[in-house]
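Visitor: I've got a structure open and a few quick questions. Can you walk me through it?

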Amino acid sequence: MSDAHGNDTPADLWDSIDDLWKWLEADQPVGGREGLLLRMLKLSEEVGEVAEAVIGATGQNPRKGVTHTWDDVQAELCDVALTALVALRTLTPEAREVFGRHLARVTQRSLGTRDA
């Protein structure tokens with residue numbers, strides 16, 4: 001499905017997050033509290049991959065040179081966002097509502113009230 005900008009996007013972000021969460025829950029090698037903590041740690045791994053891609057895109061490692069593109073950085077940032085949303089879904093089945101309320105608070109705090 002394409003959006004108004006011609007981009008391929010899932011029909012509903014939160015349906016996709018639920019599907020990914022179900023897939024992970026069905027085949028997790030470690031469950032319970034430890035599994036929950038490991039799911040949260042996955043976010044740190046993904047953030048590290050963003051850093052690796054930025055370093056690679058800018059050639060900051062003289063031994064390796066340029067190893068990544070800015071498209072790679074974009075993909076890694078998407079992985080961070082997806083991983084965070086799946087982690088949130090792991091903590092609560094109300095992830096959509098929790099995220100929506102938080103987004104509204106951050107937007108209000110950052111941008112103030114906007115007249116409609």
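Visitor: Which residues are linked with Asp12 in a network of salt bridges?

Guide: This is a predicted model, to start with. In it, Asp12, Asp15 and Arg96 are linked in a network of salt bridges.

Visitor: OK, take Asp12 and Arg96. What's the N to O distance in their salt bridge?

Guide: It is 3.3 Å, between the two side chains. Asp12 sits in the segment before helix 1, and Arg96 sits in helix 4 (residues 95-111), so the pair ties together parts that are 84 residues apart in sequence.

Visitor: Give me another. What does Lys42 pair with at 2.9 Å?

Guide: Glu45. That is the gap between the closest N and O atoms of the salt bridge. Both residues lie in helix 2, 3 residues apart, which is about one turn of the helix.

Visitor: Which salt bridge of Lys42 has its closest N and O atoms 3.2 Å apart?

Guide: The one with Glu46. Lys42 and Glu46 are also both in helix 2, here 4 residues apart, again about one turn of the helix.

Visitor: Of those glutamates, is Glu46 buried or exposed?

Guide: Buried. Its relative accessible area is 7%, and the cut-off for buried is under 20%. Glu45 is at 40% relative accessibility, so Glu45 counts as partly exposed. Lys42 is partly exposed too, with 34%.

Visitor: Let's zoom out. What's the pattern along the sequence?

Guide: It reads α-α-α-α. The chain has 4 helices and 0 strands.

Visitor: How much of the chain is made up of buried residues?

Guide: They make up 18% of its 116 residues.

Visitor: New topic. What's the volume of the largest pocket?

Guide: About 460 Å³.

Visitor: How many residues line the largest pocket, and which lie nearest its centre?

Guide: The lining has 16 residues. Nearest the centre are Trp23, Leu24, Arg39, Lys42 and Val86.

Visitor: How do the lining residues divide into nonpolar, polar and charged?

Guide: There are 9 nonpolar, 3 polar and 4 charged residues in the lining of the largest pocket.

Visitor: Now the surface. Which residues form a nonpolar patch there?

Guide: Leu13, Leu20, Trp23 and Leu82. Together they have about 390 Å² of accessible area.

Visitor: Which helix gives the most to the patch?

Guide: Helix 1, with 3 residues. Leu20 is in helix 1, while Leu82 is in helix 3.

Visitor: How far apart are the C-alpha atoms of Leu82 and Leu20?

Guide: They are separated by 9.2 Å. Along the chain, the two leucines are 62 residues apart.

Visitor: Why does Leu20 count as partly exposed?

Guide: Because its relative accessibility is 34%. Buried is under 20% and exposed is over 50%. Leu82 is at 36%, so Leu82 counts as partly exposed as well.

Visitor: One more leucine, Leu38. Where does it lie?

Guide: In helix 2. Leu38 has 41% relative accessibility, so it counts as partly exposed.

Visitor: What's the C-alpha separation of Leu38 and Ala87?

Guide: It is 9.9 Å, with the two residues 49 apart along the chain.

Conventions
Residues are numbered from 1 along each chain as its sequence is written. This is a predicted model: local features need pLDDT of at least 70, side-chain atom pairs count only at pLDDT 80 or more; totals for chains, interfaces and linings use all residues. Side-chain values use heavy atoms; hydrogens and water are left out. On a 1 Å grid over the protein atoms alone, a cavity is a set of points where a 1.4 Å probe fits but cannot get out, and a pocket is an open set with protein on both sides within 12 Å along at least five of seven lines; lining residues have an atom within 4 Å of a point. Grid points are joined across faces, edges and corners, and a volume is the space filled by probe spheres set on the points. Ala, Val, Leu, Ile, Met, Phe, Trp, Tyr, Cys and Pro count as nonpolar, Asp, Glu, Lys and Arg as charged, and the others, Gly among them, as polar. Patches are made of residues with over 30% relative accessible area and no salt bridge: like charges are joined within 9 Å, nonpolar side chains (Val, Leu, Ile, Met, Phe, Trp, Tyr) within 5 Å. Accessible areas come from the Shrake-Rupley method with a 1.4 Å probe; for residues, only the protein chains shown count as cover. A salt bridge is a side-chain nitrogen of Lys or Arg within 4 Å of a carboxyl oxygen of Asp or Glu. Helices (H or I, at least four residues) and strands (E, at least two) are DSSP runs, numbered from the N terminus. Buried means under 20% relative accessible area, exposed over 50%, partly exposed in between (1.4 Å probe, protein chains only).
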